[in-house]
Amino acid sequence: MIRSTSAMVAAAVLALTVPGSAQAAPGNTKAEVVRGVEARAKLSQVINDKLFSFAELGFHESETERYLTALLEKEGFAIERNIAGLPTGWTARWTHGSGGPVIALGSDIDGIPKASQTPGIPWRQPMVDGAPGHGEGHNSGQAMNIVAALAVKDWMVRTNTPGTLLIWPGVAEEQLGGKAYFVREGVFKSVDAAIFSHVSSQLSTSWGQPNGTGMISVEYMFKGESAHSAGAPWRGKSALDGVIAMANGWDMRREHLRPEQRSHYVVSDGGDQPNVVPSEAKIWFYLREQSFDAIAKMLTVADNVADGAAKMTDTSVSRRILGSAAIQHFNRPMAEAAQANIKLVGMPKWDADDQAFARAVQANIGATVKDGLETVVDAPAPPPKEPKSGGSDDIGDVSWTVPTITIRYPANIPGLPGHNWANAIAMATPIAHKGVQAGAKVMAMTVVDLLTKPKLLADAKAYFRDVQTKDQQYIPVLAKDDAPAVWLNTDIMARYKPDLAKRYYDPERYGTYLEQLGVKWPTLGSEPAK
């Protein structure tokens, strides 16, 4: 497989230029960086498995931060830590020569609550009951980015190609709590183009506004007055009543909002104990919409509902923004260049074990598809005329700051529910390892395009200037005094990290994390009877 991919790149590289581009990459360049990725297959597996074993939630990706920055520092990257008030925020910068483009490579690093799962086991089997895990697959993206960057770095040195590679993490993406702060801090001011990577079951990219939403994460904090719940409840003013009134009011109002909106809440603080009228209570909302204006209007509606709930319960209310995500808009020239590389690389060559395992997982969890892993690259499609509502990603804030695309790579199984323990099953197995390699090849080749085709970079900037931001400029949600919600997940990580630490992957002793855990590949069948 490795030889055939390199040979295909060498044979077809001249056909991969973006239509209208004036300058093509040197004839053997893409084959060279593909070989550089393949030579680092072991490294990408180790990074992938290491991050899986850390299983850290947002704002607490401390083991991940230490491991990745030490690795990159050893490779000659200059590290800047504690970016934008984020304890696990960092950048890694490497420059060769003077001038040349600055290309930023990013990917998320946080996990999902209660998603602990033994990899390679096709049924529910937590490693630590109740603990977080990589139920979104965020352990894999930096493995892809780093091996791609190192392959390009070697080529830049050998060919004396000037430019800068900037690697950065998506901190607390599940809380939408990192990227907007990076943008506000100016991390991308000198960047010419950004490529983001995200786990998928397919190898793909896109341009324009995709399906999905922008979002505000906002917590409403009610204050009342405590009293004895049985002895003198009339002397109390229940902050929890305010929270419940807001929840009920929002559910009433939801019918009269646009169908495209999405909103959800949890009671983040409901009081201390039943016999004390709660003097403080909090409710945390994610408010999602499909334009900057619609998001702002939705927040105003929520503010009004909160004010009404406070008046009803004779309490007071304040709010704080915990995070945000702009709507996404991806760059067409960059996406077309990446798509040409995707077509060349193609899907991984899954073997019979990979497919059998994928089908076992799909059968056990009742997946929406049952026929295993995808084998053919999807044909590219223009952006939807009317994007459907759905999830959010704060890569949107970056996409309105600098020309940006996302490369989705096939490291997981089709048909899974998302944000679930089942999405962690494959993420430290040969499926993830092969998918990361495929994505890294596309990433490296696309970075080469941006470094060697001045017209591509000019076209990308022209699209950003004359199409994307012609009539709509970036509208940040964060005010200057808003700070990252770094207290989130503190209690959860304090509770589970000691047990998780006992299971951290040790690549000095074990070839893979499956080997360390004693998991046979492939383990098939359904959960044994208890």
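**Pocket and sheet**

I started with the lining of the second largest pocket, where strand 7 gives the largest share, four residues. The model is predicted, so to speak: local features need pLDDT of at least 70, side-chain atom pairs count only at pLDDT 80 or more, and totals for chains, interfaces and linings use all residues. Residues are numbered from 1 along each chain as its sequence is written, and side-chain values use heavy atoms, without hydrogens and water.

I noted a volume of about 390 Å³ for this pocket. A pocket here is an open set of points on a 1 Å grid over the protein atoms alone, where a 1.4 Å probe fits, with protein on both sides within 12 Å along at least five of seven lines; lining residues have an atom within 4 Å of a point. The volume is the space filled by probe spheres set on the points. Of 16 lining residues, S268, W284, W487, L488 and N489 are the closest to the centre. Strand 7 (262-269), strand 8 (280-289) and helix 14 (490-501) each give two or more; strands are DSSP runs of E, at least two residues, and helices of H or I, at least four.

I then followed the strands into an open sheet of four, order 7-8-6-9, paired antiparallel; pairing takes at least two DSSP bridges. Strand 6 (214-223) and strand 8 share 10 bridges, and M221 stands opposite K282 in strand 8.

Last, I checked helix 7 (239-254): this helix packs on the sheet and touches strand 6, strand 7 and strand 8, contact being heavy atoms within 4.5 Å.

Technical notes:
Axes fitted to C-alpha atoms, helices over the stretch in contact; angles between N-to-C directions.
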